[in-house]
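Reader: Please take a close look at a single part of this model and describe how it packs against its surroundings.

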Amino acid sequence: MWKNKDNFGLFAKSYFSELCDAFSNIPERDMEELIHLLLSVYKHGKQIFLIGNGGSAATASHFANDLSKGTKCSDKKRFKAFSLTDNIPLVTAWANDHSFDEIFVEQLMNLFHPGDILIAISGSGNSRNILKAVEYANAHQGISFGFIGFQGGKLKEIVQKSIVVPSNKQEIIEDIHLVLEHIICKFLKFKIEEM
């Protein structure tokens, strides 16, 4: 439960404390595995696709931005990163004409190649449109990675690797997903500069 609801300063401190506790309980190896996968994709010139709903859609867009621009080194090649949440006309066309469950998988059918990676961002891990896209990536020799919360939901069962934020609060989960993508992109930039 949230603490100190009558005092904003104390409430903010307790929120931040809970954020730090959840972050400190994420296994480092899970983060290191994503770094390894992203560097492998980078070296082999493969693509990165990111998906999410709601706040996770915003994180997918932000992550694609930071991979594409934030990791740029002047004399090095760049990541090929795309958020499938960003083409609103296409998303709404698939949702309206077929089903909201199809909005990501149909885009992958146009773009996805073997060896590409799909990063699926979902607090609950139970969104059908996310699950369908992961199933497609797995069936087409791709790599699937989940940014999840709660207990991981169905997504944790079908992605190849994942980071699960150990919290049952959506706000904490979304905050940590965003912090993680910033840390990951900053670290990747350092690694690319060393190449």
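**Helix 8 and its partners**

Author: Helix 2 (residues 28-43) and helix 8 pack with their axes 11 Å apart and at an angle of about 50 degrees (lines fitted to C-alpha atoms over the stretch in contact, angles from 0 to 180 degrees between N-to-C directions; helices are DSSP runs of H or I, at least four residues, numbered from the N terminus). Helix 2 contributes M31, L34, I35, L38, L39 and Y42 to the contact, and helix 8 contributes L180, I184, F187, L188, K191 and I192 (heavy atoms within 4.5 Å). By class, this contact holds eleven nonpolar residues, no polar residue and one charged residue (Ala, Val, Leu, Ile, Met, Phe, Trp, Tyr, Cys and Pro are nonpolar; Asp, Glu, Lys and Arg charged; the others, Gly among them, polar).

The model is predicted, so local features need pLDDT of at least 70 and side-chain atom pairs 80 or more, while totals for chains, interfaces and linings use all residues. Residues are numbered from 1 along each chain as its sequence is written, and side-chain values use heavy atoms, without hydrogens and water.

Helix 3 (residues 55-70) packs with helix 8 (residues 170-194) at about 10 degrees, their axes 10 Å apart. Helix 3 is therefore roughly parallel to helix 8. Six nonpolar, seven polar and four charged residues form this contact. From helix 3, the residues include H62, F63 and D66, and from helix 8 they include H177, E181 and C185.

Methods: Helix = DSSP H or I, 4+ residues; strand = E, 2+ residues; numbered from the N terminus. Parallel < 35°, antiparallel > 145°, perpendicular 65-115°, else oblique.
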